[in-house]
Amino acid sequence: MQISATPTHCPYCALQCGMNLTPTPDGGVELTERADFPVNRGALCGKGRTAPALLSSRVRLTSPLVRRAGVLEPAGWDEALDRIAEGLSRTRTEHGPDACGVFGGGGLTNEKAYALGKFARVVLGTSQIDYNGRFCMSSAAAGGLKAFGLDRGLPFPLEDIPRTGCVILVGSNLAETMPPALRYLTELKENGGTLIVIDPRRTRTAEQADLHLAPRPGTDLALALGLLHLVVAEGRTDEEYIQDRTSGWEETRAAAMAHWPEYVERITGVSVPQLRETVRMFCEPASAMVLTARGPEQQSKGTDTVGAWINLCLATGRAGRPLSGYGCLTGQGNGQGGREHGQKADQLPGYRKLTDPAARRHVAEVWGVDPESLPGPGRSAYELLDAMGTDIRSLLLMGSNPVVSAPRAAHIEERLRSLDFLAVADVVLSETAALADVVLPVTQWAEETGTTTNLEGRVLLRRRAVTPPEGVRSDLDVLHELAGRLGVEKGFPADPEEVFEELRRASAGGPADYSGITYRRLAEGNGVFWPCPAPEAADGPEDCEDAAFDALPDDPASESGESGESGESGESGGGVHPGTPRLFLDRFATEDGRARFVAVSHRAIAEEPDAEYPVLLTTGRVVAQYQSGAQTRRVDELNAAAPGPFVEMHPRLAERLGAVDGDPVAVVSRRGRAVAPARVTTGIRPDTVFMPFHWPGEGRANTLTNPALDPTSRMPEFKACAVRVEAVDKS
């Protein structure tokens, strides 16, 4: 009997590339391209192509583990679940519900993220829940909410990027972090558009640019303000747009005029002629976009930095118009959906605010609980982890590896060890799972069905293609079993579609409204863009705010019949909302429909270089590894391509150290010391070193990073801290 292929999606980044999986007679899995999925059109990076290797029992967990006499040993599911329930219950009884912490992940499906947030608030009664997405997109989310009243990574589909006139890409090495998306920038240039890349390193992405700016790490805010100053000084503002569609311009204009070009050059290292050329390239075309990633966002002023780039778009009329706008390149596989449905410290499903009485009433009614029983907002991710062992005594962690990924990682590792009780649900025995009292083996991408939401806001159905190994259960089953053991018999189904149906009701009427999306719709097409209200809530096609785009010629989305991406042949009529590929074309999601300028000013990073620590460290990713490396470090082909950490440095710095390429060097900050081989290149600023953060051990980059937090987003300052670099005795 021939086994048919299952169309599904990659487990890694926020592109959520389409692929087909077919089980083979020998127990393996064959991966083939899925050319019909519009995001990647069949293309896959090395991580996606080798993803089936993660399904092997050789690399993944297949049995629960419990700690006996200090050693993790195999155990049965009942024993493991009983131990977790007992640990959490004991903490609640002895220290109160807020002594129980819950930590989620941006790789969890929408169903898991929703159920985890509900479990924390309904079963445990704790306010102490957050997730690792706080370390990724929170500053962009906060900036978007301030300016537009809504946070969705991209307010337009990726297919719009090649058709704009200019893209400013800020702090993204897209060629390595999401390689299939590079084609959109290549097509932009083929169509006559221009690309400006802003990065302190000359990355593979920067090599594609028409103009590469290499600012000093941590000065992106000053750079954006200097560009806005020149826009005003050169008379390039769109006064009619500012008057008709925005508020707050005068204060923002005054703040920008305090950042004259020569002053900005001194701060950033970007020359005045380069600043002027950037403004010319951005303003001359009829349309343009600014796309940011972790570079400007992972700073203690990340929200203001994002706001400054949004201000540049608003001042030039490049937001809420076809082929123009500000967008964030979301990182994790479900980084968008993961921040919408309740696993954040201050949030309820549908991107509702936990402090909003109406939101609490709506969600409480869906959950069948008293609104007064729902706890208030809790600590953000780093603050939650930092409180372990003191205020937080037990932790349930799903889909995250903070021993490697958190800032000031040695301190966080020590805090994890100080807990009274730690339970981890994961696919592999990560560095964090290795510290746990109980480890649960759970299903992964191809072994389960669930939804994710990619960086465009496109909700997708990731289908089960293979049977999980015996002894492995889903996270939803884990929450179902734990809820029952803790006295809540109903409300936590293990079936993902049943969970999604409840999520639809809980999100209805919220900013991220999924109520018009069903598994059937998703199974029949290539996803649905939110917001997508249910038929009874939809006022008609104008809700999708896409009508203004229809007037543009040669719209590839329209030609392919996917302008709404509803995924249904003709079914977008008859009252079914088609989804919302393009936001803000008619109005912004603020009370008055206007975008808000937010006046910001340059300020220094939390830890500037000094005589003791004279160099700046910035961190990031490499093409063959992903996030903390818990998955990719178990794939032989990827390890061969990127076997370990390194310290990228300029030849001038290497010469001062007496180091050559490959020599071990130590990078030392106020928080610790990391050792890795030198990688000498002229593609980095002389005052900066770069380390990838995928590895544990002595080369762990996050041993060094600064947990200074953005006051709004609570994002740690991963992207800039003061260090010194030392030669290491090779003997």
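**Rings that meet**

Phe148, Phe584 and Phe588 form a cluster linked by ring pairs; rings of Phe, Tyr and Trp (its six-membered ring) pair if their centres lie within 6.5 Å. This is a predicted model, where local features need pLDDT of at least 70 and side-chain atom pairs count only at pLDDT 80 or more, while totals for chains, interfaces and linings use all residues. Residues are numbered from 1 along each chain as its sequence is written, and side-chain values use heavy atoms, with hydrogens and water left out.

**Aromatic pairs**

- The count comes to 12 aromatic pairs by this rule.
- The ring centres of Phe148 and Phe588 are 5.6 Å apart and their planes lie at 15 degrees, so this pair is stacked (planes under 30 degrees apart; over 60 is edge-to-face and the rest tilted).
- Phe148 is buried, with a relative accessible area of 5%, and Phe588 is buried too, at 1% (buried means under 20% relative accessible area, exposed over 50%, partly exposed in between, with a 1.4 Å probe and protein chains only).

**Charges over rings**

- Lys118 lies over the face of Phe492, 5.0 Å from the ring centre (the rule asks for NZ of Lys or CZ of Arg within 6 Å of the ring centre and within 35 degrees of the ring normal).
- Arg318 has its charged end over the ring of Phe282, at 5.4 Å from its centre.
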